[in-house]
Amino acid sequence: MNQPTEPELPENDIPESVARRKLIKSFGWFALASAVPVGVYEWVTKSAGAQGIKRPLRTVLNANEQVARTYFSNTHLVPTFAVEDAAKKARVNGYDGIKSPIPEDWKLQIDHPSGTGQPLMLTVDDIKALPKHEIVYEFKCIEGWSQVQHWGGARLSDFLANYKLGTKSGNGPNPENADDLYKYVGLETPDKGYYVGIDIESAMHPQTLLAYELNGQPITAPHGAPLRLIIPVKYGVKNLKRIGRMFFSDERPRDFWAERGYDYYVGL
Ligand SMILES: Nc1nc2c(c(=O)[nH]1)N[C@H]1C(S)=C(S)[C@@H](COP(=O)(O)O)O[C@H]1N2
Ligand SMILES: [Mo]
């Protein structure tokens with residue numbers, strides 16, 4: 001896509017081989033995806049941290065697992081890879097909303113759906129207190145490149161369950177009452193320079209993460225520190241870096257690339 005000129009940040013692109021580009025162009029993603037073994041649901045069961053969780057949280061998360069399963073069967077999981085298959089240096093792309101330094105007082109702001117009451121203000125440690133999940137998968141950009149990358153963070157669905165978010169009742173997602181969920185999650189950078197809207201089903205997908213780690217290390221600024229969205233069922237554009245604010249709505253939230261002519265859902 002026609003990106004504006006991007007500032008040179010230290011951790012920039014690894015040049016991609018011409019052959020790979022051609023392969024992608026001629027066969028599409030299917031060729032790439034089918035060439036590799038599929039580790040279905042492995043990341044769910046093998047993720048670190050999920051077991052040693054305190055009981056009340058565990059209960060909430062079990063209920064949440066059911067919500068995710070109501071929406072998605074295993075066949076809808078994206079293929080996963082071995083950690084060794086991940087690129088040692090992940091490619092960087094897109095600096096909208098992250099050109100200025102990370103705000104020193106950064107917090108994740110969650111608006112109350114009702115529009116009343118104080119927003120929730122959370123730290124990265126709050127996110128790290130949730131079970132950690134890791135995923136190694138093929139990150140895909142609509143510009144025509146892809147890369148196997150290794151991300152770590154909390155499931156967005158666990159986050160919503162734990163903080164009772166995303167519902168009209170304020171009760172947290174309930175498998176018996178899927179209508180209670182708002183239709184969309186909106187995300188934007190602290191400076192509002194980049195923003196996306198995500199359908200709630202994709203947000204609740206078990207592979208969707210609030211990510212704070214890349215290759216086992218804290219995410220660097222160009223990759224979206226301190227916290228970004230990793231949503232493997234969507235193309236790169238929806239994987240917003242440096243989340244500042246999150247909100248819920250039945251109306252489609254504004255979306256940076258949708259406003260510039262791309263499909264709103266950009267699902268895989
Ligand atoms: N804040 C912000 N997030 C963003 C973008 C951006 O320009 N600004 N670009 C998107 C696009 S098009 C892609 S492909 C991915 C790239 O993520 P990466 O730089 O970690 O590879 O970030 C997405 N998230
Ligand atoms: Mo992208």
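Modeller: One definition to begin with: buried means under 20% relative accessible area, exposed means over 50%, and partly exposed lies in between, with a 1.4 Å probe and protein chains only. This is a predicted model, in which local features need pLDDT of at least 70, side-chain atom pairs count only at pLDDT 80 or more, and totals for chains, interfaces and linings use all residues. Side-chain values use heavy atoms, with hydrogens and water left out, residues are numbered from 1 along each chain as its sequence is written, and chains are lettered from A and ligands numbered from 1 in the order in which they are written.

Colleague: Are Glu259 and Arg254 buried or exposed, or partly exposed?

Modeller: Glu259 is partly exposed at 45% relative accessible area, and Arg254 is partly exposed at 49%. Their side chains form a salt bridge with an N to O distance of 3.4 Å. A salt bridge here is a side-chain nitrogen of Lys or Arg within 4 Å of a carboxyl oxygen of Asp or Glu.

Colleague: Why can such side chains pair?

Modeller: Side chains of opposite charge can pair when their charged atoms come close.

Colleague: How many salt bridges are there in the whole structure?

Modeller: A search of the whole structure gives 10. One of the pairs is Glu213 with Lys132, at 2.8 Å from N to O. That pair links distant parts of the chain, 81 residues apart: Glu213 is in strand S7 (residues 209-214) and Lys132 in strand S3 (residues 132-141). Strands (E, at least two residues) and helices (H or I, at least four) are DSSP runs, numbered from the N terminus. Glu213 is buried, at 15% relative accessible area, while Lys132 is partly exposed, at 22%.

Colleague: And what about Asp255 and Lys238?

Modeller: Their side chains meet in a salt bridge of 2.7 Å, N to O. Asp255 lies in the segment after strand S10 (245-249) and Lys238 in the loop between strand S9 (228-230) and S10, so the pair ties together parts that are 17 residues apart in sequence. Asp255 is buried at 5% relative accessibility, and Lys238 is buried at 1%.

Colleague: Which residues are linked in a network of salt bridges?

Modeller: Asp111, Glu188, Lys192 and Arg245 are linked in this way.

Colleague: Changing topic: which residues are closest to ligand 1?

Modeller: Ligand 1 is surrounded by 19 residues, of which Arg91, Asp96, His223, Arg228 and Lys241 are the closest.

Colleague: Finally, where are Ile127 and Lys140?

Modeller: Ile127 is in helix H4 (residues 124-128) and is buried, with 0% relative accessible area. Lys140 is in strand S3 and is buried at 12%. Lys140 and Lys234 are 94 residues apart in sequence and 8.1 Å apart in space, C-alpha to C-alpha.

Key: Near = heavy atom within 4 Å.
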